[in-house]
Amino acid sequence: MAEMDTDDKGYTITYDPLKGKCLVATKHFKVDDLIFEEEPFVSCQFSWNSLYGYRACNHCLCPLETTSENIVRLTNAAITEVPFEEYCPIKDKTHNYVQCESCKVWYCSSTCLETAYNRYHQLLCRPDSNDPLHYLEELWRTMHYPPESHNIMLLCRLLATIELSASPQQANQTVSNFCHRTENENEHLAHKMLGEKFVEQIEQLRFGVLKSMPVRESSQWLTPTGFKSLLALVGTNGQGVGTSVFHQWANNCKKHLSPDQMELFEQFIDSAYDAMEQVVGVDFLDNEGSALFQNHSSINHSCFPNAASVFDGNHVLRLVAIRMIEPGDEINISYIAPCELDHSRHTRQKYLQENYVFTCRCIKCEEQINDPDITSDDDSEMEEDST
Ligand SMILES: [Zn+2]
Ligand SMILES: [Zn+2]
Ligand SMILES: [Zn+2]
């Protein structure tokens with residue numbers, strides 16, 4: 001089939017009858033080269049993270065708490081002093097913070113406040129704590145315990161973005177481009193997200209959304225079938241956005257500290273991790289929220305990826321080469337966490353089939369095609385994660 005989109009930026013999106021959309025390099029990239037940078041179509045902090053007091057910009061997800069505030073909170077004040085505070089990435093930015101005058105949510109800057117208001121917030125601004133939208137979020141939390149990987153509020157923002165778009169038809173088309181599953185696959189993925197009671201839960205969530213916001217231009221997504229495909233879309237295309245102030249501070253320290261200081265730094269990190277593990281669990285540290293990216297969603301998985309998505313303090317995604325890429329090569333990322341790529345072929349394939357409904361035919365899977373279908377002890381954790 002013909003190419004869907006061409007540009008001279010070093011990549012192009014093509015269409016493969018078997019794999020669907022593919023991102024293909026049109027120039028040479030070496031390790032660490034930036035392939036592209038992309039703002040999300042929509043992003044949102046996780047509900048549990050905001051409930052637990054993670055302060056992040058309500059639009060771009062950048063952290064609004066300093067490294068000290070973050071560590072004091074995550075260790076329940078077991079640690080109150082943080083060394084090398086001069087490397088905290090946000091210490092000079094706090095005077096830019098602004099609040100929505102009506103519902104009091106925080107933004108890192110007036111630019112984020114205005115962008116959010118114009119794109120979706122004017123439909124989702126709810127100062128009244130008894131508003132149905134708040135009940136919907138609570139309902140979601142009762143269905144989806146941390147670590148959270150998806151979010152009903154992302155879905156509401158998506159619908160509000162369509163409602164407020166200058167061209168709702170085009171916005172609906174953009175959302176449709178994220179969905180390329182059959183009805184059966186959508187059903188499977190929605191089930192996967194919501195678990196055993198899913199039929200009941202989907203209807204509760206759907207009514208919750210209908211009760212909470214105006215649905216005119218986006219009504220195609222609020223039919224029973226449309227809503228399932230919307231859930232499947234968020235489940236398969238939602239990208240975790242990590243913006244931890246702690247990680248940014250630690251990276252800055254590693255770049256700047258002398259060997260002597262590094263020793264002190266490493267001791268501090270060990271004790272901070274121990275203290276956080278006891279209070280919140282380290283799983284909680286990484287992902288601030290999730291987002292949908294148009295270019296990024298066209299990248300296929302490989303168990304031997306040549307690119308990776310990284311975030312640098314907010315929701316802007318950077319796709320970076322992690323191996324040499326030549327013109328004509330398909331650019332792949334891993335949908336599996338890096339530490340889990342070493343699991344057996346059987347376990348990887350099972351995970352991808354259950355969570356993304358496809359059979360991986362990457363070079364690594366092809367090489368291991370004759371491996372026995374075993375699940376090693378190491379793999380059991382991953383399978384639990386995925387259920
Ligand atoms: Zn912001
Ligand atoms: Zn507001
Ligand atoms: Zn594979």
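Mentor: First, the elements: helices (H or I, at least four residues) and strands (E, at least two) are DSSP runs, numbered from the N terminus. The model is predicted, so local features need pLDDT of at least 70 and side-chain atom pairs count only at pLDDT 80 or more, while totals for chains, interfaces and linings use all residues. Residue numbers start from 1 along each chain as its sequence is written, and chains are lettered from A and ligands numbered from 1 in the order in which they are written.

Trainee: Where does Val357 lie?

Mentor: Val357 is in the loop between α12 (345-356) and α13 (363-367). Val357 has a positive phi of about 50° and is not a glycine. Most residues other than glycine have a negative phi.

Trainee: Why does Val357 count as partly exposed?

Mentor: A residue is buried if 20 or more other C-beta atoms lie within 10 Å of its own, exposed if 12 or fewer, and partly exposed in between, with C-beta atoms placed from the backbone. Val357 has 17 C-beta neighbours inside 10 Å, so Val357 counts as partly exposed.

Trainee: What makes Asp32 exposed?

Mentor: Asp32 has 8 other C-beta atoms within 10 Å, and therefore is exposed. Asp32 sits in the loop between β2 (20-25) and β3 (34-38). Asp32, not a glycine, also has a positive phi, of about 80°.

Trainee: Which residues does Val320 touch?

Mentor: Two residues are in contact if their C-beta atoms, placed from the backbone, lie within 7 Å. Not counting residues up to four places away in sequence, Val320 touches Asp32, Asp33, Leu34, Ile35, Ala307, Ala308 and Val310. Val320 belongs to strand β11 (residues 317-321). With 18 other C-beta atoms within 10 Å, Val320 is partly exposed.

Trainee: Why are α4 and α8 called roughly antiparallel?

Mentor: Axes are lines fitted to C-alpha atoms, for helices over the stretch in contact, and angles run from 0 to 180 degrees between N-to-C directions. Angles under 35 degrees count as roughly parallel, over 145 as roughly antiparallel, 65 to 115 as roughly perpendicular and the rest as oblique. Helix α4 (residues 132-143) and helix α8 (residues 198-212) have axes that come within 8 Å and cross at roughly 160°. Therefore α4 and α8 are roughly antiparallel to each other. From α4 the contact takes Pro132, Leu133, Tyr135, Leu136, Leu139 and Met143, and from α8 Gln201, Gln204, Leu205, Gly208, Val209, Lys211 and Ser212. By class, the contact of α4 with α8 has 8 nonpolar, 4 polar and 1 charged residues.

Trainee: How do you know that Leu136 is buried?

Mentor: Leu136 has 24 C-beta neighbours inside 10 Å, so Leu136 counts as buried. Leu136 is part of helix α4. Its contacts, leaving aside neighbours within four places in sequence, are Ile152, Gly208, Val209 and Ser212.

Trainee: What makes Val209 buried?

Mentor: Val209 has 22 other C-beta atoms within 10 Å, so Val209 is buried. Val209 lies in helix α8 and touches Leu136, Cys156 and Leu222, not counting residues up to four places away in sequence.

Trainee: Why is α2 called oblique to α10?

Mentor: Helix α2 (residues 67-74) and helix α10 (residues 245-256) have axes that come within 9 Å and cross at roughly 125°. That angle makes α2 oblique to α10. Thr67, Asn70 and Ile71 of α2 meet Val245, Phe246 and Trp249 of α10.

Trainee: Which residues touch the most other members of the largest nonpolar core?

Mentor: A nonpolar core is a set of buried Ala, Val, Leu, Ile, Met, Phe, Trp, Tyr and Cys residues joined through C-beta atoms within 7 Å. The largest nonpolar core has 64 residues, of which Cys57, Leu155, Cys156, Leu159, Leu231 and Ile331 touch the most other members. Helix α5 (residues 152-164) gives the largest share of this core, 9 residues. Another core, of 11 residues, lies apart from it and has Ile71, Cys88, Phe246 and Ala272 among its members.

Trainee: Why does Ser167 count as exposed?

Mentor: Ser167 has 11 C-beta neighbours inside 10 Å, so Ser167 counts as exposed. Ser167 lies in the loop between α5 and α6 (168-178).

Technical notes: Ala, Val, Leu, Ile, Met, Phe, Trp, Tyr, Cys and Pro count as nonpolar, Asp, Glu, Lys and Arg as charged, and the others, Gly among them, as polar.
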